[in-house]
Amino acid sequence: QVQLVESGGGLVEAGGSLRLSCVASGHILSMNAMAWYRQTPGKERELVAGISAGGSTSYASSVKGRFTIFRDYAKKMLTLQMNSLKPEDSAMYYCAGGNGLGSRGPYDYWGQGTQVTVSS
């Protein structure tokens, strides 16, 4: 079993920055790729950024150039640096981990989420 716990969400003005963190615990040796997803009410959960087992990254077109995903294996931590935030970035953000190798999933483990709200 893998546990993922997110932190770092909050309220920020448009143009501002936030850093989301996700700490993994449990049987993390089985976890390869990791990612951040987000979801707003009434919409499907969407992949924001993923990082493969080999370290390659992928981003949603809407965040490319503004968000950066990186992983600290020693600290068992996944981070999403979000810059130039827009109101449309407001969502619940979820950390995900998968047994697969690719950055686009599928993903097997999920955190509880952290809320990001960007005011205009």
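**Aromatic rings and nonpolar cores**

Tyr-37 is buried, with a relative accessible area of 12%; here buried means under 20% relative accessible area, exposed over 50%, and partly exposed in between, with a 1.4 Å probe and protein chains only. The model is predicted, so local features need pLDDT of at least 70 and side-chain atom pairs count only at pLDDT 80 or more, while totals for chains, interfaces and linings use all residues. Residues are numbered from 1 along each chain as its sequence is written, and side-chain values use heavy atoms, with hydrogens and water left out.

Let us start with the rings. The structure holds two aromatic pairs, where rings of Phe, Tyr and Trp (its six-membered ring) pair if their centres lie within 6.5 Å, and planes under 30 degrees apart count as stacked, over 60 as edge-to-face and the rest as tilted. Tyr-37 and Tyr-107 form an edge-to-face pair, 5.8 Å centre to centre with 80 degrees between the planes. Because Tyr-37 lies in strand β4 and Tyr-107 in the loop between β9 and β10 (109–110), this pair ties together parts that are 70 residues apart in sequence. Strands (E, at least two residues) are DSSP runs, numbered from the N terminus. Tyr-107, like Tyr-37, is buried.

Tyr-37 also forms an edge-to-face pair with Trp-110, at 4.9 Å centre to centre and 65 degrees between the planes. Trp-110 lies in strand β10, so its pair with Tyr-37 in strand β4 ties together parts that are 73 residues apart in sequence. Trp-110 counts as partly exposed, at 32% relative accessibility.

The charged end of Arg-45 sits over the ring of Trp-110, 4.7 Å from its centre, and over the ring of Tyr-94, 3.9 Å from its centre (CZ of Arg or NZ of Lys within 6 Å of the ring centre and within 35 degrees of the ring normal).

Next come the cores. In soluble globular proteins, nonpolar side chains tend to be buried together. A nonpolar core is a set of buried Ala, Val, Leu, Ile, Met, Phe, Trp, Tyr and Cys residues joined through side-chain atoms within 4.5 Å. The largest one has 28 residues, and Leu-4, Trp-36, Leu-80, Met-82 and Tyr-93 have the most contacts inside it. Strand β3 gives the most to this core, with four residues. A second, separate core of seven residues includes Ala-35, Tyr-37, Leu-47 and Tyr-94.
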